[in-house]
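Subject: Structure for you to look at

Dear colleague,

Here is the structure I promised to pass on. Please open it first; my notes follow below.

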Amino acid sequence: MDQKEETLYEPYDSETQAFFERRLVDEKIRIQTMLQRNSEPVFVEELRGTENKSEFVARHKMEENNNKGTLADIEAALLRIKEGNYGSCIDCGKQILLKRLMGIPTAKRCVPCQQKSAKRR
């Protein structure tokens, strides 16, 4: 067995993975609904009393980009579930702590590897 294989942990059981799959699918539906709603035309009456048009458009575009990024992360997490490696760090192969996945179900790295990844940016 090589060094990488020795550090791999067992994936979470099927019940735990099914729990996260349901959470991710629910969040995917919520994000898709928001994206669909955001693609509908906005009437000037909706802007009255809130902010000027350019601020609204900028905020709207930022929210749209964030939602698209979140949707991509959800799709990637669902693929990891399908492939049977959800909950395993993509860098070191160790199991991502359940507490981390509860807070960030799309997490693809354990905390130490995420910290290393953030430093490289």
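I begin with the largest pocket, whose lining divides into 6 charged, 3 nonpolar and 2 polar residues. The residues that line this pocket are Asp73, Ala76, Arg80, Arg100, Ile104, Thr106, Ala107, Lys108, Arg109, Gln114 and Arg121. Helix 4 (residues 53-83) gives the largest share of the lining, with 3 residues. The space in the pocket comes to about 160 Å³.

Please keep in mind that this is a predicted model. The protein has a mean pLDDT of 85, and 83% of its residues are at 70 or more. Among the elements, helix 5 (residues 98-103) has the highest mean pLDDT, 96, while helix 1 (residues 3-7) has the lowest, 44. The pLDDT is below 50 over residues 1-7, a stretch that has 7 contacts in the model beyond near neighbours in sequence. Where pLDDT is low, the predicted coordinates should not be read in detail.

Next, the aromatic residues. How many aromatic pairs does a search of the whole structure find? It finds 2. One is formed by Phe19 and Phe20: the ring centres are 5.1 Å apart and the planes stand at 80°, so this pair is edge-to-face. Phe20 also pairs with Tyr86, with 5.5 Å from centre to centre and 45° between the planes, which is a tilted arrangement. Phe20 belongs to helix 2, whereas Tyr86 sits in the loop between helix 4 and helix 5, so this pair ties together parts that are 66 residues apart in sequence. Through these ring pairs, Phe19, Phe20 and Tyr86 are linked into a cluster.

Phe19 has a relative accessible area of 31%, so it is partly exposed, as the cut-off for buried is under 20%.

One further residue touches Tyr86. Gln17 is found in helix 2 (residues 14-38), and its relative accessible area is 10%, so Gln17 is buried. Leaving aside residues up to four places away in sequence, Gln17 touches Pro11, Tyr12, Ile81, Gly84 and Tyr86.

Best regards

Methods:
Residues numbered from 1 in each chain as written. Predicted model: local features only at pLDDT ≥ 70, side-chain atom pairs only at ≥ 80, totals over all residues. Heavy atoms only, no water. pLDDT = per-residue confidence, 0-100. Helix = DSSP H or I, 4+ residues; strand = E, 2+ residues; numbered from the N terminus. Contact = heavy atoms within 4.5 Å. 1 Å grid on protein atoms, 1.4 Å probe; cavity = no way out; pocket = protein on both sides within 12 Å on 5 of 7 lines; lining within 4 Å. Points joined across faces, edges and corners; volume = space filled by probe spheres on them. Nonpolar A, V, L, I, M, F, W, Y, C, P; charged D, E, K, R; others polar. Buried < 20%, exposed > 50% of the residue type's maximum accessible area, 1.4 Å probe, protein only. Phe/Tyr/Trp six-rings, centres within 6.5 Å; stacked < 30°, edge-to-face > 60°.
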